[in-house]
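Work through these exercises with the model open beside you. Try each task before you read its solution.

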Amino acid sequence: MKRSRFTEEQIIGMIREQESGQKTADVCRRHGKSEATFYKYKAKYGSMDVSDARRLKALEDE
């Protein structure tokens with residue numbers, strides 16, 4: 001499976017930027033991601049904090 005260029009912390013940061021009122025297109029352009037990828041990330045990490053994402057990764061690695 002291909003690994004992401006971004007860590008979970010960076011992805012959650014991008015989602016928080018968009019939730020703070022910035023336009024999705026602007027956030028995606030700044031970070032070099034397509035909007036489709038952004039919404040895929042948002043579906044997976046949208047309601048998580050950084051600590052939750054770390055816990056999820058640890059469970060996936062087991």
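**Exercise 1. Classify Glu8 and find its contacts.**

Task: decide whether Glu8 is buried or exposed, then list what Glu8 is in contact with beyond its neighbours within four places in sequence.

Solution. 
- Step 1. Glu8 has a relative accessible area of 18%.
- Step 2. Apply the cut-offs: buried is under 20% relative accessible area, exposed is over 50%, and partly exposed is in between, with a 1.4 Å probe and protein chains only. Glu8 is therefore buried.
- Step 3. Helices here are DSSP runs (H or I, at least four residues), numbered from the N terminus.
- Step 4. Leaving aside neighbours within four places in sequence, Glu8 is in contact (heavy atoms within 4.5 Å) with Tyr45, Ala53 and Lys57.

Before going on, note the ground rules. This is a predicted model, where local features need pLDDT of at least 70 and side-chain atom pairs count only at pLDDT 80 or more, while totals for chains, interfaces and linings use all residues. Residues are numbered from 1 along each chain as its sequence is written, and side-chain values use heavy atoms, with hydrogens and water left out.

**Exercise 2. Judge the confidence of the model.**

Task: find the mean pLDDT of the chain, and say which element has the lowest mean and which the highest.

Solution. 
- Step 1. pLDDT is the predictor's confidence in each residue, from 0 to 100.
- Step 2. The chain has a mean pLDDT of 85, and 95% of its residues reach 70 or more.
- Step 3. Among the elements, helix H4 (residues 50–61) has the lowest mean, 78. H2 has the highest, 93.
- Step 4. Keep one caution in mind: where pLDDT is low, the predicted coordinates should not be read in detail.

**Exercise 3. Find the salt bridges.**

Task: how many salt bridges does a search of the whole structure find? Describe each pair.

Solution. 
- Step 1. A salt bridge is a side-chain nitrogen of Lys or Arg within 4 Å of a carboxyl oxygen of Asp or Glu. The search finds three.
- Step 2. Arg16 and Glu19 form one of them, at 3.0 Å from N to O. Both lie in helix H1 (residues 8–19), three residues apart, about one turn of the helix. Arg16 is partly exposed at 31% relative accessible area. Glu19 is partly exposed too, at 43%.
- Step 3. Asp26 pairs with Arg29, the closest N and O atoms being 3.1 Å apart. These residues are three apart in helix H2, so about one helical turn separates them. Asp26 is partly exposed at 33%, whereas Arg29 is exposed at 60%.
- Step 4. Glu17 forms a salt bridge with Arg30, with closest N and O atoms 3.1 Å apart. Glu17 lies in helix H1 and Arg30 in helix H2 (residues 24–31), so the pair ties together parts 13 residues apart in sequence. Glu17 is partly exposed, at 22%.

**Exercise 4. Explore the loop residue Gln22.**

Task: where is Gln22, and which residue's side chain does its side chain meet in a polar contact?

Solution. 
- Step 1. Gln22 sits in the loop between H1 and H2. It is partly exposed, at 34% relative accessibility.
- Step 2. Set aside neighbours within four places in sequence. Gln22 is then in contact with Glu17, Val27 and Arg30.
- Step 3. A polar contact is a pair of N or O atoms within 3.5 Å; within protein, one must be able to donate a hydrogen and the other to accept it, and residues adjacent in sequence count only if both atoms are side-chain atoms. The side chain of Gln22 makes such a contact with the side chain of Arg30, at 2.4 Å.

**Exercise 5. Read the two sides of H3.**

Task: which residues of H3 are buried, and why do they line one face?

Solution. 
- Step 1. Phe38, Tyr41 and Tyr45 are buried in H3.
- Step 2. Seen down the axis of H3, the buried residues fall within an arc of 65°, so they line one face of the helix. The arc is that of the directions from the helix axis to the C-beta atoms.
- Step 3. Ala36, Lys40 and Ala43 are exposed on the other side of H3.
- Step 4. The buried residues of H3 pack against H1, H2 and H4.
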